[in-house]
Amino acid sequence: MRILHVDTGPSMRGGQFQALLLLDELERRDCRQTLLAGEGIRSRRPVERSSWRAVRRHSRTCDLIHAHDARAHTLAVLHSCGKPVVVSRRVAFAVAGGLSRWKYRRAAHFVAISEHVAAVLRSGGVPGRKISVVYDAAPGPRPNPVPTTRPERNPSGFRVVSPNLDDPLKCRDLAVRSCEHAGVPLCLSSDLQADLRSADALLYLSRSEGLGSALLLAMSLGVPAVASSVGGIPEAVRSGRTGLLVENTIESVSEALVRLRADEALRLRMGRESRQWVRERFTPERMADGTMRVYGRVLGNGA
């Protein structure tokens with residue numbers, strides 16, 4: 001099986017990390033892979049730039065094209081040389097009209113990263129038979145064994161980490177105001193992989209979310225989350241078990257933060273359950289298995 005992966009992301013965000021996780025896991029399977037990428041992935045891995053010429057050239061020798069973002073979807077259906085196109089759909093907003101509707105009809109199959117995203121696709125006119133739900137995986141290293149005692153990650157007190165994203169949908173201002181209201185310190189992080197290791201909680205607020213790679217990373221490290229109850233987030237965070245789901249209001253968010261700060265036993269229990277939840281549902285192996293089933297279905301090779 002020869003797969004051409006296309007990603008055009010200009011920076012490393014959740015989708016780009018997930019694409020690399022998938023490629024690395026598929027290396028262990030019977031797949032020959034080529035990756036064309038934008039500046040995000042190219043800052044981490046020396047691969048050819050994604051362009052219409054490169055897509056057309058490599059399409060001639062592949063069996064299937066896997067597009068990992070919206071622009072890659074467009075490039076793939078325009079320059080696929082007749083090869084089937086599988087599209088990873090990561091966002092939770094509605095399918096647009098015009099060119100978007102046309103290119104959505106041209107894709108052979110969609111990989112939705114949550115049941116919520118799958119529902120959005122169906123409401124946008126994509127037939128259910130062309131949609132498979134394959135959850136993202138926890139990025140970074142495999143989860144460590146569950147600790148029997150709380151590691152001394154932050155001797156100075158309760159520490160909250162939140163992604164430092166300049167995106168109006170990611171509610172950074174609400175995170176800052178809520179932490180001020182709750183009286184807890186906030187680290188706005190540009191490196192969650194490093195900062196979560198000394199965190200007591202992840203604060204992940206959003207107005208629209210497919211699933212949330214940062215949530216999976218936090219859970220794999222045993223860090224409970226306070227997260228918006230929107231989109232696919234409730235499929236990742238089990239409220240009261242691996243974190244707390246909140247409304248996007250200062251009162252709701254600050255109340256959850258105060259509760260976690262006051263109850264270390266609750267944080268420990270949520271950390272243990274988070275690690276177990278990731279091992280059960282959000283591993284690179286499970287993501288690769290689901291993706292391979294989609295490839296087999298599209299190519300007529302069964303499951």
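Six nonpolar, five polar and two charged residues make up the lining of the largest cavity. Here Ala, Val, Leu, Ile, Met, Phe, Trp, Tyr, Cys and Pro count as nonpolar, Asp, Glu, Lys and Arg as charged, and the others, Gly among them, as polar. The model is a predicted one, so local features need pLDDT of at least 70 and side-chain atom pairs count only at pLDDT 80 or more, while totals for chains, interfaces and linings use all residues. Residues are numbered from 1 along each chain as its sequence is written, and side-chain values use heavy atoms, with hydrogens and water left out.

The structure holds three cavities of 30 Å³ or more. A cavity is a set of points, on a 1 Å grid over the protein atoms alone, where a 1.4 Å probe fits but cannot get out; lining residues have an atom within 4 Å of a point. Grid points are joined across faces, edges and corners, and a volume is the space filled by probe spheres set on the points. The largest cavity contains about 110 Å³ of space. It is lined by 13 residues, and those closest to its centre are Leu22, Ser88, Arg90, Asp136 and Met287. Helix 1 (14-26) and helix 13 (284-299) are the elements that give two or more residues to this lining, with helix 1 giving the most, three residues. Helices (H or I, at least four residues) and strands (E, at least two) are DSSP runs, numbered from the N terminus.

Now for the charged pairs. Side chains of opposite charge can pair when their charged atoms come close. Across the whole structure there are 14 salt bridges, each a side-chain nitrogen of Lys or Arg within 4 Å of a carboxyl oxygen of Asp or Glu. One of them joins Asp63 to Arg2, with the closest N and O atoms 2.9 Å apart. Asp63 sits in the loop between helix 3 (52-59) and strand 4 (64-67) and Arg2 in strand 1 (residues 2-6), so this pair ties together parts 61 residues apart in sequence. Asp63 is partly exposed at 23% relative accessible area, and Arg2 is partly exposed at 32%; buried means under 20%, exposed over 50% and partly exposed in between (1.4 Å probe, protein chains only).

Glu209 and Lys170 also meet in a salt bridge, at 2.5 Å from N to O. That pair links distant parts of the chain, 39 residues apart, and both Glu209 and Lys170 are buried. In another salt bridge, Arg172 and Asp166 have their closest N and O atoms 3.6 Å apart. Arg172 is partly exposed at 27%, whereas Asp166 is exposed at 72%. Finally, Glu25, Arg28, Arg29 and Asp289 are linked in a network of salt bridges.

Notes
On a 1 Å grid over the protein atoms alone, a cavity is a set of points where a 1.4 Å probe fits but cannot get out, and a pocket is an open set with protein on both sides within 12 Å along at least five of seven lines; lining residues have an atom within 4 Å of a point.
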